[in-house]
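Q: Could you walk me through this structure while I have it open on the screen?

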Amino acid sequence: MFGSELDREDVQNPRRRIFLASAAAAIAGLALWQWRKPAILEAAAGSVGEPKEVTVVLFSDAGERQKQVRVAKVIKSAADWRKQLPSGVFDITRNADTEIAFSGKYWNLHDKGIYRCICCDNALFDSATKFDSGTGWPSFWSPIAAENITEIRDTTFGMVRTAVSCTECDAHLGHVFDDGPEPTHLRYCMNSASLRFVSRT
Ligand SMILES: [Zn+2]
């Protein structure tokens, strides 16, 4: 339906940016590949020409990094998401709502394991990067892989924030702030409702 030129351009640009970022890191002698902050997308989600394929990194339920793959983006109608998800989860993941602090099931969980997307099972966070932020929301200092999440500038509610979504299905996950702990100083403030914990024990 849309021109192939446009599609190719949109697919290539993020990859080029990732390449440039990694080249710069290599030049600087940094070994922070896994902790590299994902590029912030200014474009609104769902815009025309959005890539239909995305790059993500697969992880086993034991948390082992497997391989980087190109996968078809998960695109469903609101009606289909409503059928799949409880209404509170639908509101948070598909309409960027936020759960009430201290109300979710993971803010106080300390078990070892990984957190997957509740909508599409994409691996998002590892318990090894989880920390007690005191906010009442599960908080991490890094995603499990930069490719697996997407950061978008969010100016709703009169604030400038960075929203975090699942790269594979665009589920809204939460926001990221720069007041986190070592080693990244980032705080990925997530909604429990957007996540599905897979225990390693
Ligand atoms: Zn997802």
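This is a predicted model: local features need pLDDT of at least 70, side-chain atom pairs count only at pLDDT 80 or more; totals for chains, interfaces and linings use all residues.

Q: Fine. How many helices and strands does the protein have?
A: There are three helices and twelve strands in the protein, where helices (H or I, at least four residues) and strands (E, at least two) are DSSP runs numbered from the N terminus.

Q: And how much of it is buried?
A: Of the 201 residues, 44% count as buried, with buried meaning under 20% relative accessible area, exposed over 50%, and partly exposed in between (1.4 Å probe, protein chains only). The accessible surface comes to about 10900 Å², and carbon and sulfur atoms account for 56% of that surface; the areas come from the Shrake-Rupley method with a 1.4 Å probe, and for residues only the protein chains shown count as cover.

Q: Now the metal. Which residues coordinate the zinc ion?
A: The zinc ion is held by the SG atoms of Cys117, Cys120, Cys166 and Cys169, at 2.3 to 2.4 Å. Donors here are N, O and S atoms within 2.8 Å of the metal (3.2 Å for Na, K and Ca), and water is not among the atoms, so sites may look incomplete.

Q: Why is the arrangement called tetrahedral?
A: Because the four donor atoms subtend angles of 100 to 116° around the zinc ion, and four donors count as tetrahedral if all angles lie between 85 and 135 degrees.

Q: How are those donors spaced along the chain?
A: The spacing is C-x2-C-x45-C-x2-C. Distant parts of the chain are linked in this way by Cys117, in strand E4, and Cys169, in the loop between strand E9 (161-166) and E10, which are 52 residues apart.

Q: Are Cys117 and Cys169 buried or exposed?
A: Both Cys117 and Cys169 are buried.

Q: Staying with E4, which sheet is it part of?
A: E4 belongs to an open sheet of three strands in the order E5-E4-E12, with antiparallel pairing, where two strands pair if DSSP finds at least two bridges between them. Strand E5 (123-126) and strand E12 (195-199) are the edge strands, each pairing on one side only.

Q: Which strands make a hairpin?
A: E2 and E3 do, with five residues between them, and Gly63 in the turn has a positive phi of about 90°. Strand E2 (residues 53-59) and strand E3 (residues 65-72) pair in the antiparallel sense over six bridges; Val54 has Val71 as its bridge partner in E3, and Val57 is partnered there by Gln68. Five of the seven residues of E2 are buried.

Q: Last topic, the backbone. Where is the cis peptide bond?
A: The bond from Glu182 to Pro183 is cis, with omega near 0°, and Pro183 is found in the loop between strand E10 (172-177) and strand E11 (187-190).

Q: Which residues have a positive phi without being glycine?
A: Phe102 is one of them, with a phi of about 65°, and His185 is another, also at about 65°. Phe102 lies in the loop between helix H3 (87-95) and strand E4 (113-117), whereas His185 sits in the loop between E10 and E11.

Conventions: Residues are numbered from 1 along each chain as its sequence is written. Side-chain values use heavy atoms; hydrogens and water are left out. Four donors count as tetrahedral if all angles lie between 85 and 135 degrees; four count as square planar and six as octahedral if opposite donors are over 155 degrees apart and all others between 65 and 115; anything else is irregular.
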